[in-house]
Amino acid sequence: MKKLLLGDEAIAQGALDAGLSGVYAYPGTPSTEITEYIQLSPLAKERGVHSRWSTNEKTAMEAALGMSYMGKRALVCMKHVGLNVCADPFVNSAMTGTNGGIVVLVADDPSMHSSQDEQDSRFYGKFAMIPTLEPSTQQEAYNMMAMAYDLSEQLQLPILMRVTTRMAHSRAVVELVDTPRQQNELNYNAKASNWVLLPAFARKRNDIVTAQQPQLEQMATDSIYNRYEDGTDHSLGIVASGIAYNYLKECFPNGCPYSVLKISQYPLPKRLVRQLMETCEQVLICEEGQPFIEDIVRGVADMKQVRGKLDGTLPRTGELNPDLVKKAIAQLSSFDFELSTGFAPCEDVVSRPPALCQGCGHRDVYAALNEVLLGYPNARVFGDIGCYTLGFLPPYKAIHSCVDMGASITMAKGASDAGQWPSLAIIGDSTFTHSGMTGLLDAVNENADITVIISDNLTTAMTGGQDSAGTNKFEAICKGLGVSEEHLKVVVPLPKNMEEIKKTIEEEIKYHGVSVIIPRRECMQTLQRHLKQKKAAEKK
Ligand SMILES: Cc1ncc(C[n+]2csc(CCOP(=O)(O)OP(=O)(O)O)c2C)c(N)n1
């Protein structure tokens with residue numbers, strides 16, 4: 001059967017067809033659609049595949065370890081910065097190893113379309129000594145899932161699969177297998193000495209995983225996803241990894257005259273790289289993200305022979321595209337390309353900067369906050385990540401920072417420790433349960449003089465309205481963390497309640513301890529969706 005699928009959907013379908021028993025994920029562009037596809041999949045429903053959102057990437061990775069421990073296949077999905085959040089279980093998962101297969105799918109966002117940095121997850125694979133896959137096409141992404149699970153169970157290691165935005169978010173026709181593989185049976189074969197990472201056991205596992213590395217490189221050398229394609233013109237050789245290989249193919253619809261080394265499986269097969277270096281005068285490294293391969297190749301080669309991001313032949317930052325690949329090749333060869341003028345923005349399209357929706361509750365929160373803060377010119381508002389980050393932009397210009405999920409509360413506390421007053425934090429409901437709760441506990445434990453606003457729109461709006469882990473539990477969570485009942489206030493962010501909201505903020509700023517204000521009103525987008533669903537249900 002053939003299906004037109006996004007890269008993300010091909011990955012999801014590939015995992016289901018490989019006998020998946022659970023996906024564990026926290027939303028983040030461009031990875032969100034993988035879990036959403038599994039949530040709607042009839043096969044997943046029929047098989048009872050777990051697909052509920054996790055509270056954050058660390059809880060997701062650990063739940064996958066639990067499923068693997070019991071012998072079943074698990075998928076963990078996140079955007080690149082999520083891998084920082086689950087770095088601890090991810091790196092340690094190489095030490096525990098796997099029982100049932102685990103694939104950790106990380107979607108990187110070069111050009112930072114919706115992210116705060118451009119990190120390249122391949123470094124994490126190398127760092128953790130975990131085999132890494134980087135598909136070049138949607139079909140490969142689909143096929144690789146079955147291979148990744150088999151490999152994970154054969155090697156008893158998790159597998160990292162790295163994709164980038166265009167792979168995740170563009171569609172192609174994908175040929176699927178006729179019969180999905182059965183799920184693994186529950187089993188009790190997990191070896192205690194693998195899963196109890198006491199130093200005496202972990203040292204042994206560390207030796208085993210380290211000793212596995214030459215075997216992993218040999219597997220990458222022999223992999224069907226890594227390919228040496230000999231060309232007719234040896235003045236130039238090209239290493240093209242992941243989606244860059246796809247772009248390279250687009251540059252040469254009639255076939256590439258140069259020798260090409262396609263890389264989609266790591267550790268980098270250095271023997272194949274050496275073969276290319278020996279046969280070609282110059283070598284161009286095309287890879288999306290940071291110069292990961294280029295750094296390794298430069299370590300073993302004549303520097304003048306290697307061209308890529310480090311010498312400016314390709315841009316050091318941002319997304320790659322076929323035009324950039326063409327330009328780089330034209331610079332190094334006599335190939336007569338017709339260079340397009342690139343993707344110039346159409347003049348008729350008026351630019352539309354992001355803005356909070358009309359009727360959004362975050363608007364009312366910022367309107368009230370700004371009025372109150374007119375009386376406190378030195379106030380600092382530490383922001384966080386979500387729709388409400390748009391409060392930085394005009395007309396509100398209301399926040400002073402946005403670093404990583406949860407940093408609002410901890411930064412407000414640090415600023416207060418430094419002597420700042422008033423020190424406020426604004427954080428969304430999903431961000432609060434993702435990474436804000438522990439920071440609030442720090443603040444409570446030291447009775448920090450901060451005012452925390454948890455702007456609760458009952459959803460994870462920024463990434464498309466996924467369920468939020470703490471809905472209906474925030475007052476109980478805050479009380480449980482030790483916030484006093486008198487300084488835990490709930491308001492409804494509507495223009496008609498402006499005076500009450502302002503009064504509440506003013507009072508809580510004046511209170512010299514931890515206070516939490518929860519403005520609560522459903523996101524306009526999910527509200528409209530829910531109303532439509534309700535109407536449709538009534539019609540039936
Ligand atoms: C570590 C990490 N994981 C995921 C994301 C993607 N992301 C950014 S904000 C956000 C949650 C926003 O939800 P919420 O805090 O409820 O605010 P809202 O957008 O609903 O206003 C997500 C999932 C991220 N930036 N960093």
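Reply: **Around the ligand**

Of the 25 residues around the ligand, the nearest are Glu57, His362, Cys387, Thr431 and Ala461 (a residue is near if one of its heavy atoms lies within 4 Å). Before going on, please keep in mind that this is a predicted model, in which local features need pLDDT of at least 70, side-chain atom pairs count only at pLDDT 80 or more, and totals for chains, interfaces and linings use all residues. Residues are numbered from 1 along each chain as its sequence is written, and side-chain values use heavy atoms, with hydrogens and water left out.

Cys387 places a backbone N or O atom 2.9 Å from an oxygen atom of the ligand. Asn457 uses its side chain instead: an N or O atom there is 2.9 Å from a ligand oxygen. At Thr459 it is a polar backbone atom that lies 3.0 Å from an oxygen atom of the ligand.

Leu458 belongs to the loop between strand E16 (450-455) and helix H19 (helices, H or I, are DSSP runs of at least four residues and strands, E, of at least two, numbered from the N terminus).

The axes of H19 (residues 474-481) and H18 (residues 429-445) come within 9 Å, crossing at roughly 20° (axes are lines fitted to C-alpha atoms, for helices over the stretch in contact, and angles between N-to-C directions run from 0 to 180 degrees). H18 and H19 are therefore roughly parallel to each other (under 35 degrees; over 145 is roughly antiparallel, 65 to 115 roughly perpendicular and the rest oblique). On the H18 side, the contact is made by Asp429, Phe432, Thr433, Met437, Leu440, Leu441 and Val444, and on the H19 side by Phe474, Ile477, Cys478 and Leu481 (contact means heavy atoms within 4.5 Å). These residues of H18 and H19 divide into nine nonpolar, one polar and one charged (Ala, Val, Leu, Ile, Met, Phe, Trp, Tyr, Cys and Pro count as nonpolar, Asp, Glu, Lys and Arg as charged, and the others, Gly among them, as polar).

Next, a backbone detail. The peptide bond from Trp421 to Pro422 is cis, with omega near -5°. You will find Pro422 in the loop between helix H17 (407-417) and strand E15 (423-428). Another cis peptide bond runs from Thr29 to Pro30, with omega near 5°, and Pro30 sits in the loop between strand E2 (20-25) and helix H2 (32-40).

To finish, here is another pair of helices to compare by eye. Helix H1 (residues 7-17) packs against H8 at an angle of about 30°, with their axes 8 Å apart. That makes H1 roughly parallel to H8, and the crossing of H1 and H8 is right-handed. H1 brings Gly7, Ala10, Ile11, Gln13, Gly14, Ala15 and Asp17 to meet Gln138, Ala141, Tyr142, Met145 and Tyr149 of H8.

Note on methods:
A polar contact is a pair of N or O atoms within 3.5 Å; within protein, one must be able to donate a hydrogen and the other to accept it, and residues adjacent in sequence count only if both atoms are side-chain atoms. A crossing is left-handed if the near helix is turned anticlockwise from the far one by less than a right angle, and right-handed if clockwise.
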